[in-house]
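Dear colleague,

I am passing on the structure below, together with some notes on its aromatic contacts and on one of its helices. Please read them beside the coordinates.

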Amino acid sequence: MKKVLMLLAIAGLSATAMAQTNSRGYENVSGDKYEVFTNRFWDNWFFSFGGGAEMTLGNGDVRGSFKDRISPTLNASLGKWFTPGLGLRLQYSGFQSRGFTTDRTNGYITGNVIQPRDGVPYYKQKFSYFNLHGDVLFNLSAMLGGYNPDRVYEFIPYLGAGFTHSYSSPSGEALAVNAGIINRFRLSSAWDLNLELSAMGVENKFDRELGGKKDFDGVVSASLGLTYRFPTREFKKPQPARQIISESELRDIRSRVNSLAAENMNLKQELATKPTAVVVEETVKAPDIAPRSVFFTIGSAKVSSQELINLGFLADQIKEYPDLRFKVTGYADSATGTPTKNKELSRKRAQAVVDALVGTYRIERNRMSTDAVGGVEKYEKPYLNRMVLIEVIK
């Protein structure tokens with residue numbers, strides 16, 4: 001009897017292993033740190049806002065002092081990460097520009113004329129504007145180091161284009177290109193602190209100081225702000241712990257099955273050739289129930305249809321010995337999940353097996369007790385640790 005039960009157990013394990021290679025095949029991967037599942041459209045959106053200072057680099061701005069060219073800047077962004085390394089955003093930035101011009105007809109002049117030593121008079125200028133631009137974000141930390149949702153610092157350059165509009169009179173628009181670096185510091189699963197260093201190149205009509213040239217003005221800025229990430233915030237990673245059984249392992253299992261089958265056949269032949277003896281005494285039926293394992297997929301506490309069929313063999317034996325009690329112990333693999341989650345998962349697995357025996361095979365619930373061990377490393381392959389063990393209480 002023991003040989004037959006062991007043969008059935010190994011055959012069940014082989015069938016379970018084969019099922020893992022066929023069901024939800026996208027999880028059977030090597031655990032590449034760069035690999036994530038494609039997100040849905042409404043996943044991984046974020047909103048950012050911040051403020052800081054900027055400096056204009058126009059044709060006549062070099063005549064003024066550095067501190068007189070500094071002005072406040074604000075920004076607000078809405079964007080989405082399509083992969084951990086690639087995202088898009090729309091940003092509204094700007095507020096005020098301060099500079100200098102030698103053109104006394106410039107519409108943005110404030111204050112009186114300033115007489116320099118070289119004899120060329122110049123004027124202060126100030127105007128309000130915004131820059132609306134779309135940017136492509138490149139998270140180099142994720143591209144080079146792999147996806148890690150708990151990474152504290154990430155380096156994110158970006159490139160984009162848009163246009164500026166002046167609120168001050170005379171108003172006007174100019175095309176602009178944008179580039180910069182976002183230094184992202186993780187505060188929590190939902191919030192980041194950002195130090196953004198940016199540069200804008202814009203048509204020289206931006207500050208109305210054309211000077212007869214077809215060149216560009218520039219604006220450089222630094223801002224500090226916050227980013228809020230809307231749920232769902234992270235990318236799902238393939239689970240490296242769920243592995244395909246190799247061909248050599250399958251060959252080994254088949255070999256063991258064949259060996260046990262041959263041994264069982266030899267025992268039958270030996271019993272058939274031995275003379276039968278008449279024993280005039282009352283025989284006592286001794287229970288001989290080997291421990292039974294029920295295997296689960298990663299993160300799941302659902303008894304599969306394959307395992308439910310295997311439980312039927314055990315249920316027949318349980319009914320054969322109505323006085324026996326059984327212990328149902330749940331396990332999880334420690335290679336994935338936290339200890340707390342694994343403890344709860346192993347409890348749910350044990351309870352799921354009890355519910356299956358009660359609901360499907362009408363086994364009395366009071367004949368079974370449950371226990372939850374949590375994450376273990378009993379076997380080398382993590383998927384073998386995702387199990388429930390059913391054994392007779394001695």
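**Aromatic pairs**

Y122 has a relative accessible area of 11% and is therefore buried (under 20% relative accessible area, with a 1.4 Å probe and protein chains only; exposed is over 50%, partly exposed in between). F100, at 2% relative accessibility, is buried as well. This is a predicted model, in which local features need pLDDT of at least 70 and side-chain atom pairs count only at pLDDT 80 or more, whereas totals for chains, interfaces and linings use all residues. Residues are numbered from 1 along each chain as its sequence is written, and side-chain values use heavy atoms, with hydrogens and water left out.

The structure holds 17 aromatic pairs (rings of Phe, Tyr and Trp, the last by its six-membered ring, with centres within 6.5 Å; planes under 30 degrees apart are stacked, over 60 edge-to-face, the rest tilted). The rings of F100 and Y122 are edge-to-face, because their centres are 5.8 Å apart and their planes stand at 70°. This pair links strand β3 (residues 86-101), which holds F100, to strand β5 (residues 122-138), which holds Y122, across 22 residues (strands are DSSP runs of E, at least two residues, and helices runs of H or I, at least four, numbered from the N terminus).

Y147 and F235 are both buried, and their rings, with centres 5.7 Å apart and planes at 85°, also form an edge-to-face pair.

**Helix α4**

Helix α4 (residues 305-320) has 16 residues, and among its buried residues are L311, L314 and I318.

Best regards

Methods. Expected span 1.5 Å × (residues − 1).
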